[in-house]
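Subject: Structure for you to look at

Hi,

Here is the structure I promised. Please open it first, then read my notes below.

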Amino acid sequence: MPEKKIWNEKMETLGREEVEGIRLRRLRKQLKYCYTHSEFYKKKFDQVGFSPEDIKTWEDFRKIPPLMNKDNERESQRESIERLGHPYGIHLCCPLEKIVVATTTGGTTGFPTFSYSFTQNDFDRWNEGVARAYWLSGLRPGDRVLFCFPLSGAWAGSIVKSPLLSMGILCLDMGAETPMEKIVEYAKVIRPNVLMSTPSFAENLIEAYPKIARRPVSELGIKKLLLSGEPGVGIPSIKKRVEEAFGGKWNDFLMINSEGFSSSCTTKDYQGLHEVALDLSIWPDDLVDPDTKKPIEVRDGAFGEGLITSLDREGLPLIKYALGDIIQVFTKRCKCGYPGPGNRIRMIGRLNDRLSIGGVSVFPIVVRDVITSFIPRVTGAMRIVLTEPPPEVTPPLKIKAEYGFGTEPTQLLGLAREIEDRMLQLYRVQSKVEFVPPEALGRVTKKTPLFEERFRQ
Ligand SMILES: [Zn+2]
């Protein structure tokens, strides 16, 4: 039997008009369901002055302002712990006993949120959306995955791997906390051809592998790198470095708060994340201005803050959830030939991370891009040093970077000047680079910090 081109031939090949019909029907049903099944949503809808019956068209829905974000989601969860004795939030729409999967986001910032909690139907829906994304990114039955997400047992990592089994894919779940020696030992016998981890973990493995195995990491034979959880794939220099070191192709995938199923495709040059499940959530067709929260027209190349709305979700549906991420949307067809009607996006950065340097708006991702482009003269590890509370930064932007193993101290002054010049040329940002020895910034298994916040010390 010839290999299927897409995971769900029926739902992923619908025309835009047809899928919009399905979405509007499901949206109206979801809004009514939330209004009648949760005090949280009833209050929110009443506050902004609409009733689910008012929503007859997509445009009606677009006019509703954002209703949720990470902060009020956390508040909702805190309130349900105190008042109702469960951690899911007062926006829970189903009886408690229907929740069969409860995983957290790991709590890298603040109290962990139980956003990745599902009823059986929600879990099936999740596995379906994720499988579509994995298939598009090139995972196939028979693949062997080295799975190294942080806290993969309790964290959302455990559900990130759950679709693999139903796809006929072997998953060696090591977690990112396992000592690197153990990971290398197991990997050498299982011979994975796929690595699933954060971009930071992949970068750490490139450095650690030769020290442990005395061979380059490429000997592992990993040909597919499926990375998520941090920006990285959008940074050309990091992508190039990781692909060259492993000898494989880097793809990224995204499922924010168990919605917005997307992954990049297998074209040689990065074309952004394809939306693969228009029937399961509204994303990324609902964009707002990050400052005014007013709707932005979704046209090719538009920037904005993405909003997510669940369709057909029972337990913890999200309605008009403001992600806090700036995305860029592409509406033109991708050259990969994926037949789905969805748009593509590129993650630009967390709204909270955005800096204003002498009036120039900059995301930390661009600083990493510039630094990484100087490897091997630098290791790639860096921090942005903040001496005053963000987002305002008085120029120059202070950057701390590790110089490379082979870089002589006499070369550092010239190297700093080159990096500063490139920051200015590419991003109009005045910067000041300070060097520290290789590995002085340490290596972490969770998200690599972007900032060193000196104003807090
Ligand atoms: Zn594509």
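Start with the aromatic residues. Tyr35, Phe40, Tyr41, Phe45 and Phe50 form one aromatic cluster. Bear in mind that this is a predicted model. The total comes to 15 aromatic pairs. One of them is a tilted pair, tryptophan 7 with tryptophan 135, at 5.7 Å centre to centre and 50° between the planes. Tryptophan 7 sits in the segment before α1 (16-37), and tryptophan 135 belongs to helix α5 (residues 120-136), so the pair ties together parts that are 128 residues apart in sequence. Tryptophan 135 has 4% relative accessibility. The cut-off for buried is under 20%, so tryptophan 135 counts as buried.

Next, the metal. Which residues hold the zinc ion? Its protein donors are Cys265 (SG), His274 (NE2), Cys334 (SG) and Cys336 (SG), at 2.1 to 2.3 Å. The site is tetrahedral, with angles of 104 to 117° among the four donor atoms. Along the chain, the donors follow the spacing C-x8-H-x59-C-x1-C. Cysteine 334 counts as buried, at 12% relative accessibility. Cysteine 336 has 29% and counts as partly exposed.

Last, the second largest pocket. It holds about 340 Å³ of space. Its lining has 15 residues, and Arg346, Ile348, Ile365, Val366 and Tyr427 lie nearest the centre. By class, the lining has 10 nonpolar, two polar and three charged residues. β15 (344-350), β17 (360-362) and α10 (364-372) each supply at least two residues of that lining.

Best wishes

Technical notes: Residues are numbered from 1 along each chain as its sequence is written. This is a predicted model: local features need pLDDT of at least 70, side-chain atom pairs count only at pLDDT 80 or more; totals for chains, interfaces and linings use all residues. Side-chain values use heavy atoms; hydrogens and water are left out. On a 1 Å grid over the protein atoms alone, a cavity is a set of points where a 1.4 Å probe fits but cannot get out, and a pocket is an open set with protein on both sides within 12 Å along at least five of seven lines; lining residues have an atom within 4 Å of a point. Grid points are joined across faces, edges and corners, and a volume is the space filled by probe spheres set on the points. Helices (H or I, at least four residues) and strands (E, at least two) are DSSP runs, numbered from the N terminus. Ala, Val, Leu, Ile, Met, Phe, Trp, Tyr, Cys and Pro count as nonpolar, Asp, Glu, Lys and Arg as charged, and the others, Gly among them, as polar. Donors are N, O and S atoms within 2.8 Å of the metal (3.2 Å for Na, K and Ca); water is not among the atoms, so sites may look incomplete. Four donors count as tetrahedral if all angles lie between 85 and 135 degrees; four count as square planar and six as octahedral if opposite donors are over 155 degrees apart and all others between 65 and 115; anything else is irregular. Buried means under 20% relative accessible area, exposed over 50%, partly exposed in between (1.4 Å probe, protein chains only). Rings of Phe, Tyr and Trp (its six-membered ring) pair if their centres lie within 6.5 Å; planes under 30 degrees apart count as stacked, over 60 as edge-to-face and the rest as tilted.
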